[in-house]
Amino acid sequence: MAKKEMQVAAIENGTVIDHIPAEKTYLVADLLDLKASTMPVTIGYNLPSNRIGKKGIIKITNKFFTDEEISRLSVVAPNVVLNIIKDYEVVEKKMVETPQVLRGIVRCNNPKCITNNEPMATLFHVVDKVHGVVKCHYCDKEQNMNEIKLV
């Protein structure tokens with residue numbers, strides 16, 4: 001059996017974000033502000049995937065994400081897989097899922113909402129994970145996650 005060639009180089013320590021829908025790859029990189037990283041970052045784009053057709057993959061050396069960063073990530077690319085790497089080995093795999101509550105992540109698209117007129121954090125409840133619908137806690141306006149703007 002022939003060994004498959006790796007399409008992106010291995011990292012010694014850090015995080016690999018895998019199974020990103022190809023079209024969301026650069027959005028994820030922007031969301032996590034990877035341009036500002038002083039560590040090596042590798043971005044693979046339009047790689048073949050049995051699971052989703054074409055995928056993106058991002059490898060960040062010596063970076064381990066906080067729960068808040070993972071929550072932000074889940075909004076634009078739910079169902080990605082985070083691989084935590086130590087000494088070139090995957091020590092943990094995390095399936096990223098959108099939490100039930102999004103606090104201070106999503107901007108309300110209702111211009112009259114109090115969160116757009118007062119200095120306060122937004123709060124959304126996920127009402128439909130399958131179709132990606134969130135609802136503002138303050139004005140009850142529903143939004144589709146594909147059309148949201150991040151705070």
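Me: How much space lies in the second largest pocket?
Reply: About 410 Å³ of space lies in the second largest pocket. This is a predicted model, in which local features need pLDDT of at least 70 and side-chain atom pairs count only at pLDDT 80 or more, while totals for chains, interfaces and linings use all residues. Residues are numbered from 1 along each chain as its sequence is written, and side-chain values use heavy atoms, with hydrogens and water left out.

Me: What is a pocket here, and what is a volume?
Reply: On a 1 Å grid over the protein atoms alone, a pocket is an open set of points where a 1.4 Å probe fits, with protein on both sides within 12 Å along at least five of seven lines, and lining residues have an atom within 4 Å of a point. Grid points are joined across faces, edges and corners, and the volume is the space filled by probe spheres set on the points.

Me: Which residues of the lining lie nearest the centre of that pocket?
Reply: Of the 21 residues that line the second largest pocket, Lys24, Val75, Pro78, Met145 and Asn146 lie nearest its centre. By class, the lining has eleven nonpolar, six polar and four charged residues, where Ala, Val, Leu, Ile, Met, Phe, Trp, Tyr, Cys and Pro count as nonpolar, Asp, Glu, Lys and Arg as charged, and the others, Gly among them, as polar.

Me: And why does it lie between the domains?
Reply: Domain 1 (14–96) and domain 2 (101–144) both give residues to the lining of the second largest pocket, so it lies between them. The bounds come from an automatic or database domain assignment, and the C-alpha centres of domain 1 and domain 2 lie 25 Å apart.

Me: Which helix and strand supply at least two residues each of the lining?
Reply: Those are α2 (67–76) and β11 (149–150); helices (H or I, at least four residues) and strands (E, at least two) are DSSP runs, numbered from the N terminus.

Me: Is α2 mostly covered or mostly open?
Reply: α2 is mostly covered, since eight of its ten residues are buried, where buried means under 20% relative accessible area, exposed over 50% and partly exposed in between, with a 1.4 Å probe and protein chains only. Ser74 and Val75 are among the buried residues of α2.

Me: What is serine 74 in contact with?
Reply: Leaving aside its neighbours within four places in sequence, serine 74 is in contact with Val96, Glu97, Thr98, Pro99 and Met145, contact being heavy atoms within 4.5 Å. Serine 74 counts as buried because its relative accessible area is 0%.

Me: Switching to strands, how many bridges join β4 to β5?
Reply: Six bridges join β4 to strand β5 (residues 89–95), and the two run antiparallel; strands pair if DSSP finds at least two bridges between them. They form a hairpin with two residues between them, and aspartate 87 in the turn has a positive phi of about 50 degrees. On the β1 side, five bridges join strand β1 (residues 14–21) to β4, again antiparallel, and aspartate 18 has valine 81 in β4 as its bridge partner.

Me: Last one, where is leucine 34, and is it buried or exposed?
Reply: Leucine 34 is in the loop between α1 (25–31) and β2, and it counts as buried because its relative accessibility is 9%. Leaving aside its neighbours within four places in sequence, leucine 34 is in contact with Ala29, Val41, Ile58 and Ile60.
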